[in-house]
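The sequence and the structure are shown below.

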Amino acid sequence: MSAIDELYDKKVKCPVCNVEFTTKRVKMSKLRAEKRYSDLFIHYKGENPVKYSVYVCPVCGYAALSEKYNNVKGGSLTILRDKITSKWKEREYGGYRSVEEAITCYKLALYCGEILLYKKLYLGGICLRLAWLYRLKNDNENEQRFLRLTYDFYKNAYSNESMINTNMDEITLTYLIGETKRRIGDNKEAISWFSQVVSHPMSGNNPKIKKLAREQWALIRESR
Ligand SMILES: [Zn+2]
């Protein structure tokens, strides 16, 4: 089966320049998980949906994660036209994406999110996915670089942002902060985040994450 058989076209209307364009998505029925990583990355046998989660308007350059794509209005439109569109050369990311092209799409989304002062939780999610994409390329140096950025954004989000109306919960965020810290080599701090997950009064509601926190904590203990 070729990559193209696993993809379908989705029509998107750009909220910044009103152009309609198509972008690929992965057919859910074709997904076969091959490996699950402890930072929640899932590697699939074929195309990975992570590669297609950013929409990029070919005409004006506006890029964002799919679930946030339409949530841009008012003064943000002016900022995007000013800082993105004015420098944008028409480019197309609506077909099959190589890992490199997917990385470019995420970096565009990160840049748009930063200039619009989006929540650190959102920016951290983009950086975590960038780390995963570099992992697919076996590029350890860049994977580590984006894990460090994920940690910084997520830690900031943990202290300063509400998670209401996001697809993140406090237990998962606490766990991911610990796990990114473990992956960048700070076991001591990682343990303190894992212990927070395990002892959190609500962690029973998220048994999968609680189990992961126990496992990663044990992994550190065994490696000593
Ligand atoms: Zn546009």
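Asn165 is exposed, because its relative accessible area is 80% (exposed means over 50% relative accessible area, buried under 20% and partly exposed in between, with a 1.4 Å probe and protein chains only). The structure is a predicted model, in which local features need pLDDT of at least 70 and side-chain atom pairs count only at pLDDT 80 or more, while totals for chains, interfaces and linings use all residues. Residues are numbered from 1 along each chain as its sequence is written, and side-chain values use heavy atoms, with hydrogens and water left out.

Asn165 is placed in the loop between α4 and α5 (helices, H or I of at least four residues, and strands, E of at least two, are DSSP runs numbered from the N terminus). The phi angle of Asn165 is near 60°, a positive value in a residue other than glycine. Leu40 also has a positive phi, near 75°, and is likewise a residue other than glycine. Leu40 belongs to the loop between β3 (33-36) and β4, and its relative accessibility of 26% makes it partly exposed.

The table collects the accessibility of the residues discussed in this report.

| Residue | Relative accessible area | Class |
|---|---|---|
| Asn165 | 80% | exposed |
| Leu40 | 26% | partly exposed |
| Asn206 | 16% | buried |
| Ile171 | 6% | buried |
| Leu80 | 1% | buried |

Leu80 is part of helix α1 (residues 75-83). Beyond its neighbours within four places in sequence, Leu80 is in contact with Val16, Tyr62, Val72, Thr85, Cys112, Ile115 and Leu116, where contact means heavy atoms within 4.5 Å. One of these partners, Tyr62, is 18 residues from Leu80 in sequence, and the two C-alpha atoms are 7.0 Å apart.

Ile171 lies in helix α5. Neighbours within four places aside, the contacts of Ile171 are Val197, His200, Met202, Ser203, Asn206 and Ile209. Asn206 is found in the loop between α6 and α7. With the same exclusion of neighbours within four places in sequence, Asn206 is in contact with Asp169, Ile171 and Thr172.

**Domains.** The domain assignment divides the chain into domain 1 (3-168) and domain 2 (169-224); such bounds come from an automatic or database domain assignment. The C-alpha centres of the two domains lie 26 Å apart. Across the boundary, 19 residues of domain 1 are in contact with 21 residues of domain 2.

The largest pocket holds about 1,100 Å³ of space. A pocket here is an open set of points on a 1 Å grid over the protein atoms alone where a 1.4 Å probe fits, with protein on both sides within 12 Å along at least five of seven lines, and lining residues have an atom within 4 Å of a point. Its lining comprises 38 residues, of which Ser53, Leu65, Glu67, Arg129 and Asn167 are the closest to the centre. The elements that give two or more residues to this lining are β2 (20-26), β4 (42-44), α3, α5 and α7 (207-222), and α3 provides the largest share, 6 residues. By class, the lining of the largest pocket has 21 nonpolar, 9 polar and 8 charged residues (Ala, Val, Leu, Ile, Met, Phe, Trp, Tyr, Cys and Pro count as nonpolar, Asp, Glu, Lys and Arg as charged, and the others, Gly among them, as polar). The largest pocket lies between domain 1 and domain 2, because both give residues to its lining.

The second largest pocket holds about 160 Å³ of space. Its lining consists of Arg36, Tyr37, Ser38, Leu40, Phe41, Ile42, Lys208 and Leu212. These residues divide into 5 nonpolar, 1 polar and 2 charged.

**Helix α4.** The 21 residues of helix α4 (residues 140-160) should span 30 Å at 1.5 Å a residue, and the end C-alpha atoms are 30 Å apart, which agrees; the expected span is 1.5 Å times one less than the number of residues. The buried residues of α4 are Asn142, Glu143, Gln144, Phe146, Leu147, Thr150, Tyr151, Phe153, Tyr154 and Ala157. Their cover includes α2 (99-115), α3 (120-136), α5 (170-183) and α6 (187-199).

Terms used:
Points joined across faces, edges and corners; volume = space filled by probe spheres on them.
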